[in-house]
Structure formats: structure tokens, C-alpha cells
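My plan is to start with the whole chain and then go to single residues.

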Amino acid sequence: MTSSLFLPYLFAILVSSGAHGIGTAVNLTNDQFSIARQIHYEALEQGLDPKKVILLAECESGLKLNARGDLRTETGEYMAYGIFQWWQQSWDFYTKKYNLDLDRENPIHQIKLTALVLKNKGGGDWKNCSRKLGILARR
């Protein structure tokens with residue numbers, strides 16, 4: 001899909017997701033556009049619905065590359081990082097499970113691992129957002 005066709009496609013996906021998505025769609029940065037496009041291609045490659053995977057990223061991080069979440073007030077440390085809010089422990093588990101040498105801080109690697117986990121396991125690792133989007137965990 002060309003860039004000129006992908007932008008209206010992405011805008012429609014984000015607007016359809018509700019109020020939070022509208023804000024992302026209206027204020028979309030070049031980085032967010034590029035990330036959404038990469039998510040689209042990786043989702044297709046893994047046989048996933050690209051719209052759901054893009055919306056999962058939008059729900060988890062607003063499509064922000066360096067988003068941090070799940071602050072632990074007792075330590076001041078953020079546990080979750082990146083587009084899909086990967087915890088280090090989960091990242092380590094899946095990269096070992098799939099025998100992958102990936103960098104948690106690399107957004108392309110985040111997308112690849114997320115798509116692989118979604119394909120094989122479903123959305124259980126992203127409980128709140130996957131429930132909201134209807135991405136079910138596989139048993």
C-alpha cells in the first residue's frame with residue numbers, strides 16, 4: 001500500500017477506535033505513521049488483522065516509540081516500555097522461547113516479537129487492551 005493510500009486507511013482505523021484514537025489520528029507524527037505502517041506489514045506477514053494490531057499499539061502507547069508505563073512508585077521505575085509496553089521479563093521470556101536476538105528498545109524488533117506472540121499465543125499478554133479490542137488469548 002502506498003503512503004498516499006495508507007494515511008487515510010490509518011486515519012480511519014484510529015478514528016473508528018473512539019475518542020483516544022481520534023486524538024492520535026489528528027496529531028499523527030511521521031514516526032507514528034511509519035510505525036503504524038511497519039505494524040501493518042508485519043501483521044500481514046504473520047497472518048494477523050493489521051487493524052487490530054495497530055489499535056493494540058495505539059491503546060498501549062498511543063503509537064509512541066519510547067512510551068513508558070506501569071510506574072512502580074516504590075522504586076520510581078517504569079516496568080513497561082515501547083509501542084506495545086513490553087516488560088523486560090516478558091521480553092526475555094519470548095525472545096528466549098523463540099530463540100531470537102532482539103533489542104527491546106528497537107521499535108521494529110518490538111513489532112516483530114509482538115506479531116509473533118499474537119500469532120502463536122493471542123492477546124493475553126496485553127490483557128486490558130486486547131480485551132477491549134477483542135483479541136483473545138489462545139489456549
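My entries on this model follow.

**Ground rules.** I am working with a predicted model, where local features need pLDDT of at least 70, side-chain atom pairs count only at pLDDT 80 or more, and totals for chains, interfaces and linings use all residues. Residues are numbered from 1 along each chain as its sequence is written, and side-chain values use heavy atoms, with hydrogens and water left out.

**Whole chain.** I looked up the secondary structure and found seven helices and three strands. Helices here are DSSP runs of H or I with at least four residues, strands are runs of E with at least two, and both are numbered from the N terminus. Along the sequence the pattern reads α-α-α-α-β-β-β-α-α-α. The chain has 139 residues, and 42% of them are buried. Buried means under 20% relative accessible area, exposed means over 50%, and partly exposed is in between (1.4 Å probe, protein chains only). I also checked contacts, meaning heavy atoms within 4.5 Å. Of those between residues at least 6 apart in sequence, 48% join residues at least 24 apart.

**Helix α3.** I took residues 30–45 next. The 16 residues should span 22 Å at 1.5 Å a residue, and the end C-alpha atoms are 23 Å apart, which agrees. The expected span is 1.5 Å times one less than the number of residues. Buried residues in α3 include Phe 33, Ile 35, Arg 37 and Glu 42. After α3 comes Gly 47, with a positive phi near 75°.

**Helices α5 and α6.** How do the axes of α5 and α6 cross? Residues 88–97 form α5 and residues 107–121 form α6; their axes come within 11 Å and cross at roughly 70°. That makes α5 roughly perpendicular to α6, a label for angles of 65 to 115 degrees. The axes are lines fitted to C-alpha atoms over the stretch in contact, and angles run from 0 to 180 degrees between N-to-C directions. From α5, Trp 91, Tyr 94 and Thr 95 meet His 109, Gln 110, Leu 113, Val 117 and Lys 121 of α6. I sorted these residues into four nonpolar, three polar and one charged.

**Thr 114.** This residue lies in α6. Thr 114 counts as buried because its relative accessibility is 0%. Its side chain reaches the backbone oxygen of Gln 110 at 2.7 Å. Beyond its neighbours within four places in sequence, Thr 114 is in contact with Phe 84, Trp 86 and Trp 126.

**Ser 61.** I found Ser 61 in α4, residues 50–61. At 8% relative accessibility, Ser 61 counts as buried. Its side chain reaches the backbone nitrogen of Leu 63 at 3.2 Å. A polar atom of that side chain also lies 2.8 Å from the backbone oxygen of Ile 83. Not counting residues up to four places away in sequence, Ser 61 touches Ala 67, Gly 82, Ile 83 and Gln 85.

**Two last residues.** Is Asn 66 buried or exposed? Asn 66 counts as exposed, at 53% relative accessibility. I placed Asn 66 in the loop between α4 and β1 (68–72). From Asn 66 to Phe 84 is 18 residues in sequence and 10.0 Å in space, C-alpha to C-alpha. Lys 119, in α6, is partly exposed with a relative accessible area of 39%. Lys 119 and Leu 48 are 71 residues apart in sequence and 6.7 Å apart in space, C-alpha to C-alpha.

How values were computed: Angles under 35 degrees count as roughly parallel, over 145 as roughly antiparallel, 65 to 115 as roughly perpendicular and the rest as oblique. Ala, Val, Leu, Ile, Met, Phe, Trp, Tyr, Cys and Pro count as nonpolar, Asp, Glu, Lys and Arg as charged, and the others, Gly among them, as polar. A polar contact is a pair of N or O atoms within 3.5 Å; within protein, one must be able to donate a hydrogen and the other to accept it, and residues adjacent in sequence count only if both atoms are side-chain atoms.
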